[in-house]
Every structure is written in C-alpha cells, then in structure tokens.
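Colleague: I am new to this structure and would be grateful for a guided discussion. May I put some questions to you once it is displayed?

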Amino acid sequence: MIRVLLPTHLRTLARVGGEVQLDLQNAVTIGAVLDGLETAYPVLRGSIRDHVTLRRRPFVRYFACQQDLSHEPLETRLPEPVATGVEPFLIIGALAGG
Amino acid sequence: MGTKRKRPVTGKKKGRASGVRLLVGTRKGAFVLTSDGKRDKWDVSGPHFAGWEMYHLKGSPVDPNRIYASQTSGWFGQKIQRSNDGGKTWEPIGDKFVYEGVPGTHQWYDGTQHPWEFKRIWHLEPSLTDPDTVYAGAEDAALFRTTDGGQTWQELPALRSAKGHLWQPGAGGMGLHTILLDPSNPNRIYIAISAAGVFRTDDAGKTWRPMNSGLKSPYQLPDPDSEVGHCVHRITLHPSRPGVLFMQKHWDVMRSDNAAESWNEVSGNLPTDFGFPIEVHAHEPETIYVVPIKSDSEHFPPDGKLRVYRSRSGGNEWEALTKGLPQRDCYVNVLRDAMAADSLDPCGVYFGTTGGQVYGSANAGNSWKAIVRDLPAVLSVEAQTLA
C-alpha cells in the first residue's frame, strides 16, 4: 500500500479528505504512483502533469523521505519506506509567489 | 454615424415572479448571486472552487440550470466544471484541450515564431439550441467545442489557419475571449482574440476570415490598418439584429452594420475610448454600455469616478451613469467579460470590478447598487433570467 499526500486544491478536486492510498502491483516508481493515482482519481489527470506530454507541471513538485524527486525520471524507484507505506509520497504545490 | 437611430424594442420578459441569477467568476473562486424579479435583495452563494481562478461561468440558454465553468490555476492547470442544478452542485468534466495536428507557431514579442501552448480557457459559450454543445475560447488562442456535455473537446482548427502565424499575445496573453453565436444562422460564429482581432465563420467553423476592416491601431501595429493583430477587447450583438456588432477595442469603440465586414468608430463624446467590456440592452438593440478606463497603463476610471456610459443611439452620443456608483477615490477596473444584462423589464445591467464589487442596476443603468462589495477581483459576470 502506497500513501500519497496531495496539496489542498487537488484533495478538494479529488474529493478526498486526507492521504490517498494506492495498491500498486508492480515496481513502485514515480510513474507507477502517478499512473495509479490518475487511474483511481481521473479528475487529477492534467493537474499534476500535462495530459499529452506527461511532463510535470512547472509548479508541482514530488518529494519522498525528504528528497526532492521532481527532476527524476518517471522510472525512478521510490525509497523503501515509501514502497512499504511507512512514509508518504508527497505531491506539493510549489511556493511560487514573488 | 452621427445620426440618431430609432430605438427598437424587443423581447421583454414581463413578470415580477421571474428571478435573476448572476454567475460571477473571480480570481479566487466562483459566486452565484440570486434575486427575485425586483432585484433588490440578493442571496450570495460561494465561494465555489475556493482558491481557483474562475475565468468564466455560463448557463445554457435552453437549460439554464446547466452551467459550465472554467476553473484554472497556475499550479494545477485547467479544469471544467458542470452543474445541472443551477450552481448548487458541480461535477468535473473533460478538460483535455489538445490542439489539432501539429500546433504550429504564432508571432512572439520579438518578431520570431513561437509554438502554440495551451494555458487556459477564457470563455465558455453554450449552444443556443443544445445544452450538450459548448464552445470554449482558449489561450493560446483557439476555439474548442464539445458536443457531449463537456466530456470531450475538439478544436476547430481552421481558425488558426486565418493568418495565425501573424497573431501575437497582448500583455494579458493571447486569449480567445469572445464567442458570439448568430441566432439567425447556426453556421455563423464570430470570435475575438487579443491581440489578433475579430474572425467570422459562415460554415460552422470549417473556414474563417479576419473581419477587421476599419479598425485602426496606430503605434500598436507596424501597419495600423493590418488585416490581423488588432487588440479587440470585446464584441457583442443583440440577438434580434445579429448583423449589427459593437466593439470595445483597446482604444476606440466601434460598430459594424454589415456583420463585421467593416467597422466604424462610435466613441463620440466618451471621456476616453479605452476600456474592456461592452454590453447591449436586452430590449433596445441601439442601447449600449461601456466603462471608460483612463488609459492602457493605469487601468482605472478617469478622475477616480466610476462611470458607466450609455448610448441610446448605437454609439457616438454617450451619457454618464453615475447614480449609486463611487464618484471619488475609485481606482478599480472592469474586465472584458465582467458586464452582463438580464432580460427582465426594465432591463437589469450588472458589472464586477477588480476591487471585488458587483454592481447592479434594475433600471437599465439609471441607478446602481452594490450587490456585494468584497469579493476577490471579478473576472466575469453572466446574468441568467429565470422563469
């Protein structure tokens, strides 16, 4: 079981209160988590990454175990504590004021 | 154009039992304001989609409880919401807007070509006859359409073939902000883009023509009479005379009496001919409203006085409408999609400001009252007249 923490606006959009839990069959990679999330909550398609290119939206970041994984390829395996559900995978709306 | 015209009267909806619903899009959510036919007391519902930029909401003319809303965010992209109960509850629908084929390029600020990139939906225009058909105006400028209630969207790509390589963003982006469906001809649609101009199709979107003859943009374009590139802020028409159009251009208020084949200036005695919205009275096709703004850099009313100007002669002769509006220390703007009229008798006129006020007049602009004062900056206002 994978735990995913979404930013407030995406929680509202997906109509979920707290963490989202996903059961993934295969390797726990960044791409697999995003695929699983978008399958479970289709409304999130296009909000975390582009509909067509699947590129991460500029002001969205991925974190796990205090590591910024935003620039890592989708095939990157997530740390063991995330893969085992001890730690959540964090999707964050970046601070982008100015 | 200086001659006074007769004031025809059309389509009045009598009856104090009727009501009005205003759909207000703001920088931080949507609000639904409702009143009975007196339009004196209002209920305020919202914010819906708190924190999101709500560019535009509009109801279907054939099913007013079917409302479509453009919800957008610099972080999380574009969403489209639909309500089937007049804005009480909402459901997300399709939001995949993909340019048809190879997107191609348009002109960039430095004169080079720049690839088309989807950013957001500025305007939603439900069909006049089918609640499941809606047109959507995008930034970067393109026209999309759904025929399945918003589940899927397809581009009408021929529009970008109308000299799209010469279109260039204005300071606010390159958005398709106005979609006018001709009630007398289902194949005719007018659209307007900042900063490309007006375009018309007479074959339901298969082909498009630039319709900017008569527009003049000195110091804005290398060729002031250019076929495309004009910064059109808004166009409107009265449904009883769809061949007569009115335009608020960046500078100049314009009028066309031949379905946009040519345009003539009708700014007349306005204190400034810069502004964003333009609206037509619901029953008097020659009565139009604008909100003059001091300049394109200051974006607030002249002298700190918020004044709507009304012409009852289709332009040229304008009167200031000030009763109930702040006449000192007012430095708000009124954006292009933030003015609307209901079809009750007398006609109600409404507008929202960047200061978060929504003003309404239940007597065609003679006097005004703030319906709400402290919303987030208002992006759009639509009025629905309810049976």
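Colleague: In the open sheet of 4 strands in chain B, what is the order of the strands?

Modeller: Please bear in mind that this is a predicted model. The pairing in this sheet of chain B is antiparallel, and the twist averages 30 degrees from one strand to the next. The order of the strands is 4-5-6-7.

Colleague: Which strands of chain B are the edge strands of that sheet?

Modeller: An edge strand here pairs on one side only. Strand 4 of chain B has strand 5 (residues 67-73) of chain B as an antiparallel partner, over 6 bridges, and within that pairing E53(B) has T72(B) as its bridge partner. The edge strands of the sheet are strand 4 (53-59) and strand 7 (91-93) of chain B.

Colleague: Is strand 23 of chain B largely enclosed or open, and why?

Modeller: I288(B), V290(B) and P292(B) lie on one side of this strand and Y289(B) and V291(B) on the other, and all are buried. In a regular strand, side chains alternate between the two faces of the sheet. Because 5 of the 5 residues of strand 23 (residues 288-292) of chain B are buried, the strand is largely enclosed by the rest of the structure.

Colleague: Which residue stands opposite Y289(B) in strand 24 of chain B?

Modeller: Strand 23 of chain B pairs with strand 22 (residues 275-280) of chain B in the antiparallel sense over 4 bridges, where I288(B) is the bridge partner of V280(B). Strand 23 of chain B also pairs in the antiparallel sense with strand 24 (residues 308-311) of chain B, over 3 bridges. In strand 24 of chain B, the residue opposite Y289(B) is R310(B).

Colleague: Turning to chain A, what pattern does it follow along the sequence?

Modeller: Chain A contains 3 helices and 5 strands. Read along the sequence, they follow the pattern β-α-β-α-β-β-α-β.

Colleague: In what order do the strands of the open sheet in chain A lie?

Modeller: The sheet has 5 strands with mixed pairing. Its edge strands are strand 2 (20-22) and strand 4 (67-68) of chain A. Strand 4 of chain A runs antiparallel to strand 3 (residues 60-64) of chain A, with 2 bridges joining them, and F63(A) stands opposite D68(A). The order is 2-1-5-3-4.

Colleague: Which helix of chain A packs on the sheet?

Modeller: The helix in question touches strand 1 (2-5), strand 2, strand 3 and strand 5 (89-93) of chain A. Its direction makes about 110 degrees with that of strand 2 of chain A. This is helix 2 (residues 30-40) of chain A.

Colleague: What is the radius of gyration of chain A, and why does it agree with a compact globule?

Modeller: The C-alpha atoms of chain A fill a box of roughly 35 × 25 × 25 Å along the principal axes, and buried residues make up 24% of its 98 residues. A compact globule of 98 residues would have a radius of gyration near 13 Å, which agrees with the value for chain A, 12 Å.

Colleague: How many residues of chain A are in contact with chain B?

Modeller: By class, the side of chain A that touches chain B has 7 nonpolar, 5 polar and 1 charged residues. The largest share of this side, 3 residues, comes from helix 1 (residues 8-14) of chain A. On the chain B side 13 residues take part, and the number of residues of chain A in contact with them is 13.

Colleague: What ipTM does the predictor give the complex?

Modeller: Chain B averages a pLDDT of 94, and 96% of the residues score at least 70. For the complex, the predictor gives a pTM of 0.95 and an ipTM of 0.94.

How values were computed:
Residues are numbered from 1 along each chain as its sequence is written. Chains are lettered from A and ligands numbered from 1 in the order in which they are written. This is a predicted model: local features need pLDDT of at least 70, side-chain atom pairs count only at pLDDT 80 or more; totals for chains, interfaces and linings use all residues. Two residues are in contact if their C-beta atoms, placed from the backbone, lie within 7 Å. Ala, Val, Leu, Ile, Met, Phe, Trp, Tyr, Cys and Pro count as nonpolar, Asp, Glu, Lys and Arg as charged, and the others, Gly among them, as polar. The radius of gyration is taken over C-alpha atoms; the globule rule is 2.2 Å times the number of residues to the power 0.38. A residue is buried if 20 or more other C-beta atoms lie within 10 Å of its own, exposed if 12 or fewer, and partly exposed in between; C-beta atoms are placed from the backbone. Two strands pair if DSSP finds at least two bridges between them. Axes are lines fitted to C-alpha atoms, for helices over the stretch in contact, and angles run from 0 to 180 degrees between N-to-C directions. pLDDT is the predictor's confidence in each residue, from 0 to 100.
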